[in-house]
Amino acid sequence: MVQTDNVQKKFQAFLELINYDAQQMVTHARTLIEQTRAALDRLVSLPEEEITFQNTMLELELLSTELITGILPLTFMAYVSPDPEKRKVAHQIEEEMNKFTIEIMTRKDIYDQLVKLAAKQEELAQLEEVDKRLLNYTLLQFKRNGMALDEATRQQVKQLKERLATLEL
């Protein structure tokens, strides 16, 4: 019964979001992005000795999930809404979200926190294999976004990714 209630609550939240008008859509998306940005800033402010899997890797994953589940119903409207204004705004939100995702994945401070976590052998030894894989895969994704490169090359990669994100829509 609990699982059914949870699904019903999520579906109700989805219905609320898809019934937003264009201005509510923009406000909701920008609020989510700013809240996520602030939470990420708190995450990277942790001193090295306080970094754990839970407050770094898991927190990053939870923030990403909350952001995606909050934005996805809005971007969905770009493809299904009969209202041309909502479709236009939804496409703009999708573009903004793509750029924000690039911003996250090219933040050197987030990458550095994950590298510090990966260097904590005692912490890693206590993790389940699935958690180790998540950390390693996330580090790989940051590297694929240029984090292991010099600053100038990282900026070029970021600019190219932002341009590509704009062109894909």
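## Report on an all-helix chain

Ala29 is buried, with 1% relative accessible area. The model described here is predicted. Ala29 belongs to helix H2. Leaving out residues up to four places away in sequence, Ala29 touches Ile71, Leu74 and Ile93. The C-alpha atom of Ala29 is separated by 9.6 Å from that of Thr75, and the two residues are 46 residues apart along the chain.

**Confidence and overall form**

The protein chain has an average pLDDT of 91, and 97% of its residues score at least 70. The lowest mean pLDDT among the elements, 72, is that of helix H1, residues 2-18. The highest, 97, is that of helix H5, residues 108-118.

The chain has 8 helices and 0 strands. Its pattern along the sequence reads α-α-α-α-α-α-α-α. Of the contacts with a separation of 6 or more, 74% are between residues 24 or more positions apart.

**Surface and charge**

The protein chain has 169 residues, and 35% of them are buried. Its accessible surface is about 10,500 Å², with 54% of that belonging to carbon and sulfur atoms. The chain carries 21 positive and 28 negative charges. The mean position of the positive charges and that of the negative charges are 5 Å apart.

**The nonpolar core**

In soluble globular proteins, nonpolar side chains tend to be buried together. The largest nonpolar core in this model contains 40 residues. Leu60, Leu67, Ile110, Leu114 and Phe142 are the members with the most contacts inside this core. At least two core residues come from each of H1, helix H2 (22-44), helix H3 (53-80), helix H4 (84-105), H5 and helix H7 (129-144). The helix that gives the most is H2, with 10 residues.

What does Leu67 touch, not counting residues up to four places away in sequence? The list is Leu32, Ile33, Thr36, Met97, Phe100 and Ile104.

**Buried and partly exposed positions**

Met77 is located in helix H3. Is Met77 buried or exposed? Met77 counts as buried, because its relative accessibility is 6% and the cut-off for buried is under 20%. With neighbours within four places in sequence set aside, Met77 is in contact with Ile18, Met25, Lys86, Arg87 and Ala90. Met77 and Asn19 are 58 residues apart in sequence, yet their C-alpha atoms are 9.5 Å apart in space.

Gln24, in helix H2, has 39% relative accessibility and counts as partly exposed. Lys88, in helix H4, also counts as partly exposed, at 48% relative accessibility. Both labels apply because partly exposed covers the range between under 20% for buried and over 50% for exposed.

**Distances between C-alpha atoms**

| Pair | Separation in sequence | C-alpha distance |
|---|---|---|
| Ala29 and Thr75 | 46 residues | 9.6 Å |
| Met77 and Asn19 | 58 residues | 9.5 Å |
| Gln24 and Arg37 | 13 residues | 20 Å |
| Lys88 and Met77 | 11 residues | 9.1 Å |

Gln24 and Arg37 are 13 residues apart along the chain, and 20 Å separates their C-alpha atoms. Lys88 and Met77 are 11 residues apart along the chain, with 9.1 Å between their C-alpha atoms. Met77 lies in helix H3, whereas Lys88 lies in helix H4.

Conventions: Residues are numbered from 1 along each chain as its sequence is written. This is a predicted model: local features need pLDDT of at least 70, side-chain atom pairs count only at pLDDT 80 or more; totals for chains, interfaces and linings use all residues. Side-chain values use heavy atoms; hydrogens and water are left out. pLDDT is the predictor's confidence in each residue, from 0 to 100. Helices (H or I, at least four residues) and strands (E, at least two) are DSSP runs, numbered from the N terminus. Buried means under 20% relative accessible area, exposed over 50%, partly exposed in between (1.4 Å probe, protein chains only). Contact means heavy atoms within 4.5 Å. Accessible areas come from the Shrake-Rupley method with a 1.4 Å probe; for residues, only the protein chains shown count as cover. Lys and Arg count as positive and Asp and Glu as negative; His and the chain ends are not counted. The place of a charge is taken as NZ of Lys, CZ of Arg, CG of Asp or CD of Glu. A nonpolar core is a set of buried Ala, Val, Leu, Ile, Met, Phe, Trp, Tyr and Cys residues joined through side-chain atoms within 4.5 Å.
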